[in-house]
Amino acid sequence: MKTIAILGMMLAVAACAESSSGGLLSSLTATDANSSVRQKMQACMLIEAQNKLQTGTLFSQGLSATADELVATCAKKLALQSVGITNENKTAAEGIINSLKNMAQ
């Protein structure tokens, strides 16, 4: 529950930041190879929460359900990254599946 409150406060502060000019949001979401798993997880959750806020879906579920979704999404992303699977790989796999689907029709 404390993590959710901290995430909420970070989100509120980050929403006020000017991310386009390298504001607070970009400093909270910047990670590199030397960042800890915790830092990467928190940055990912902040990015995902910001994306949900921008699309208007951040408050469409309950607090607990939204927090669970953020955690699950970021855990999956970090796990895939840790074994070397990137979004580029996922896009390539989707392209292969779509090609096979089109051939089968």
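In the predicted model, I85 has a relative accessibility of 38% and therefore counts as partly exposed, since this class lies between the limits of under 20% for buried and over 50% for exposed. I85 is placed in the loop that runs between helix 4 (63-82) and helix 5 (87-104). Together with L80 and V83, I85 makes up a nonpolar patch on the surface. The accessible area of these three residues together is about 250 Å².

The largest nonpolar core consists of eight residues, namely M41, C44, M45, A49, L58, L70, C74 and L78. At least two residues of this core come from each of helix 3 (37-55) and helix 4. Helix 3 provides the largest share, with four residues.

Two members of this core, C44 and C74, are also linked to each other by a disulfide, with their sulfur atoms 2.2 Å apart. The count of disulfides in the model is one. The angle about the S-S bond is -90°, and the link between C44 and C74 is left-handed.

Both cysteines fall under the 20% limit for buried residues. C44 is buried because its relative accessibility is 11%, and C74 is buried because its value is 0%. When neighbours within four places in sequence are left aside, the contacts of C44 are with C74 and K77.

Definitions and conventions:
Residues numbered from 1 in each chain as written. Predicted model: local features only at pLDDT ≥ 70, side-chain atom pairs only at ≥ 80, totals over all residues. Heavy atoms only, no water. Patch = residues over 30% accessible without salt bridge, like charges linked within 9 Å, V, L, I, M, F, W, Y side chains within 5 Å. Areas by Shrake-Rupley, 256 points an atom, 1.4 Å probe, with all protein chains shown as cover. Salt bridge = Lys/Arg side-chain N within 4 Å of Asp/Glu carboxyl O. Buried < 20%, exposed > 50% of the residue type's maximum accessible area, 1.4 Å probe, protein only. Core = buried A, V, L, I, M, F, W, Y, C linked by side-chain atoms within 4.5 Å. Contact = heavy atoms within 4.5 Å. Disulfide = S-S within 2.5 Å.
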